[in-house]
Amino acid sequence: MGRYGVYYGAYYDPTYFLVVIGVVLCLLAQLRIKSTFKKYSKVMSRSGMTGAQAAQRILQLSGIYDVRIEHIRGELTDHYDPSSKVLRLSDSVYGSNSIAAIGVAAHECGHAVQHNKGYAPLKIRSALVPAANIGSKLGIPIIILGVLLGMNQLFIQIGIWVFALAVLFQVVTLPVEFNASGRALSMLGNYGLMENDETRSCRKVLSAAALTYVAAAASSILQLLRLIVLYGNNGNRRRR
């Protein structure tokens, strides 16, 4: 049993399939958003507005005048920073007048509206950012330290709980992102920035983007589950 336990722990770990599933889910989600965004980046909006112009219009019509719009380098690096009230739009969104660009810009405006209205899940997510950063950076190293210290269960358990903070952040992110997309689609229609058929196309872009958050959350949960399974197995083997 002792030799088998060493072999099992060092060379063969059937829980790796959980990691593989998570990686595959994330890759598929990334492929989906890239292909969908690329497709609708070629479809120009009838309004002729760029992503930056649409964002400015949405913010004004929503009664928000204290949020700056900035250009940020990269592709799909768009985000809203509630701490500085800055909406940053990427190269492929800021100056583009495509349906995809306006949809992404509107989504980020959705976050600005959430912040302006005090949307509770956004407040929770913002509060979790420091803990999530610690969890993502230190959770696994603490677990590894516990393993190196002779399967020290205290360190392993602390590491799992710390890593769980990052997982919690991923889970809380889901309703925030879904709500922002819902707000975006409503504002595009209600403010007359898009016609019905354009809004339907925009929905496809935002739905594909939402899948990346779902995949990330699922991957994190699977990783946490794997750590819990390994911790339980190691504890049982120690007692034997």
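User: Are helices α6 and α7 roughly parallel or roughly antiparallel to each other?
Analyst: In this predicted model, α6 spans residues 120–148 and α7 spans residues 153–190. Their packing angle is about 150°, taken between N-to-C directions on a scale from 0 to 180 degrees, with axes fitted to C-alpha atoms over the stretch in contact. The cut-offs are under 35 degrees for roughly parallel, over 145 for roughly antiparallel, 65 to 115 for roughly perpendicular, and oblique for the rest. Therefore α6 and α7 are roughly antiparallel.

User: How far apart are the axes of α6 and α7?
Analyst: Two packed helices are described by the angle between their axes and the distance between the axes. For α6 and α7, the angle is about 150°. The axes lie apart by 6 Å.

User: How many nonpolar residues does the contact of α6 with α7 have?
Analyst: Charged residues (Asp, Glu, Lys, Arg) number two in this contact.

User: Is Leu76 buried, partly exposed or exposed?
Analyst: Leu76 lies in the loop between β1 (68–71) and β2 (79–81). Its phi is near 55°, a positive value in a residue other than glycine. Buried means under 20% relative accessible area and exposed over 50%, with partly exposed in between (1.4 Å probe, protein chains only). At 32% relative accessibility, Leu76 is therefore partly exposed.

User: What is the relative accessible area of Lys85?
Analyst: Lys85 is in the loop between β2 and β3 (86–89). Phi of Lys85 is near 55°, positive in a residue other than glycine. Lys85 counts as partly exposed because its relative accessible area is 31%.

User: What share of the 240 residues counts as buried?
Analyst: Residues are numbered from 1 along each chain as its sequence is written, and side-chain values use heavy atoms, without hydrogens or water. Local features need pLDDT of at least 70 and side-chain atom pairs 80 or more, while totals for chains, interfaces and linings use all residues. Of the 240 residues, the buried share is 42%.

How values were computed: Helices (H or I, at least four residues) and strands (E, at least two) are DSSP runs, numbered from the N terminus.
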